[in-house]
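Hi,

Here is the structure I promised to pass on. Have a look at it first, and my notes on what I found follow below.

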Amino acid sequence: MGYLEEYEWMLLNEIVYKISFIYTFEDMEKEILLWMNNLIPYDGALITKVKVKNEQLLSNGGVSLGGIISRNIDEKTISTWERETLESDTMRWMIASGRNEAVIDKGGFSEAKWEERPIYASFYRPNQFYYSIGMVFTFKEEPVGMLKLYRKRTSGDFNDRDVFVLNQLQKHFAYRFSYETKKGDTRFFYARGYQEEICKRHNLTEREGEIFEQVIQGYSNAQIAERENVSIHTIKKHLQNIYIKMGVKNRVQLLQGLPLSTDKIDYDKL
């Protein structure tokens, strides 16, 4: 690829390594922002988890941000950035669309229109930023994290080469952030990512696969029956078929048989 020199590919590989192997998540984020500046020079940066709170992604409250780590940004403006980001129609659309490509902001806006936007007055101007590039990390079309890089006007805008660099990192960020975002819900995370493989392996029907996923999410038989608008007897019958096909006797054994660690997951199949 003509975009990067050999030493830049080495920097990129180093960042990939750090994403995967720095144990503490916050330490990883800080280190990534530090190294990223060597590959894509910036004047300020933010990285954060993104968590879907409900299915109404395009409504206020449908998405939350958490554990925001920043560099060279006035801490007093962070909460403003978070609020304006979540209220921005453009950002909510990016998150809801599952788009996983880097995007240079301000595209299509004239300077006058750009400077009229609320986030420019409340965040960009106080930090002396003018340009930005960002990416929402998605895993299985679900948003799990976000990275934003900023530049002052005197530093010049981001370009296609910078987009290319971030796009090389998307999948690596997505894997790491998906794991961290789903902590405390590990069975659901792994079963969800691995569900198609499990259903195929045990010859579960489409209907059984739907019931299986709801079991993994922790719904009781009564709750599943209510969600599916069928009798609890019907759900129990589906579960008995699932147990037989998976070679288990009950729900507990089903859960215990799910892959719960990364060494049991073949990510290339996801």
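Before the strands come up: two of them count as paired here if DSSP finds at least two bridges between them. Also keep in mind that this is a predicted model.

**Overview**

The protein chain has 12 helices and five strands. Of its 270 residues, 45% count as buried. If you take contacts between residues at least 6 apart in sequence, 65% of them join residues at least 24 apart.

**The sheet**

The five strands make an open sheet in the order E2-E1-E5-E4-E3, and the pairing is antiparallel. At the edges sit strand E2 (63-71) and strand E3 (103-104), each of which pairs on one side only.

Strand E1 (residues 44-52) runs antiparallel to strand E5 (residues 142-151), with six bridges between them. Which residue of E5 is the bridge partner of Gly44? That is Tyr150, while Ala45 has Leu149 as its bridge partner in E5.

E5 also pairs with E4, again in the antiparallel sense, this time over nine bridges. One of the partners there is Arg151 in E5, bridged to Tyr131. E4 and E5 form a hairpin with two residues between them, and Lys140 in the turn has a positive phi of about 55°. E5 is largely enclosed by the rest of the structure, because 10 of its 10 residues are buried.

**Helices on the sheet, and the cores**

Helix H2 (residues 25-39) lies across E1, E2 and E5 and runs at about 55° to E2. H7 packs on the sheet as well, touching E1, E3, strand E4 (131-139) and E5, and its direction makes about 45° with that of E4.

The largest nonpolar core has 52 residues, and the members that touch the most others are Met36, Phe123, Leu147, Leu149 and Phe173. Helix H7 (residues 160-181) gives the most to this core, with eight residues. A second, separate core has 16 residues, including Val215, Ile216, Ile235 and Tyr243.

Leaving out residues up to four places away in sequence, Phe123 touches Leu46, Ile73, Thr77, Trp81, Phe129 and Tyr150.

**Helix H11**

Helix H11 (residues 232-246) has 15 residues and reaches 21 Å from its first C-alpha to its last, close to the 21 Å expected at 1.5 Å a residue. Which residues of H11 are buried? They are Ile235, His238, Leu239, Ile242, Tyr243 and Met246. These cover an arc of only 140° around the axis, so they lie on the same side of H11. The face turned away from that buried side carries the exposed residues His233, Lys237 and Ile244. Just after H11, Gly247 takes a positive phi of about 70°.

**Some backbone and surface details**

Most residues other than glycine have a negative phi.

- Gln128 has a positive phi, near 65°, and its place is in the loop between helix H6 (118-127) and E4. Gln128 counts as exposed because its relative accessibility is 55%, and the cut-off for exposed is over 50%.
- Asn203 has a positive phi too, near 55°, and lies in the loop between helix H8 (186-201) and helix H9 (206-216). With 59% relative accessibility, Asn203 also counts as exposed.

Finally, there is Arg227, which is placed in helix H10 (residues 221-228). Is Arg227 buried or partly exposed? Its relative accessible area is 47%, so Arg227 is partly exposed. Apart from neighbours within four places in sequence, Arg227 is in contact with Gln214 and Tyr219. Gln214 is 13 residues from Arg227 in sequence, and their C-alpha atoms are 9.6 Å apart in space.

That is what I have for now.

Cheers

Key
Residues are numbered from 1 along each chain as its sequence is written. This is a predicted model: local features need pLDDT of at least 70, side-chain atom pairs count only at pLDDT 80 or more; totals for chains, interfaces and linings use all residues. Side-chain values use heavy atoms; hydrogens and water are left out. A nonpolar core is a set of buried Ala, Val, Leu, Ile, Met, Phe, Trp, Tyr and Cys residues joined through side-chain atoms within 4.5 Å. Buried means under 20% relative accessible area, exposed over 50%, partly exposed in between (1.4 Å probe, protein chains only). Helices (H or I, at least four residues) and strands (E, at least two) are DSSP runs, numbered from the N terminus. Contact means heavy atoms within 4.5 Å. The expected span of a helix is 1.5 Å times one less than its number of residues. The arc is that of the directions from the helix axis to the C-beta atoms. Axes are lines fitted to C-alpha atoms, for helices over the stretch in contact, and angles run from 0 to 180 degrees between N-to-C directions.
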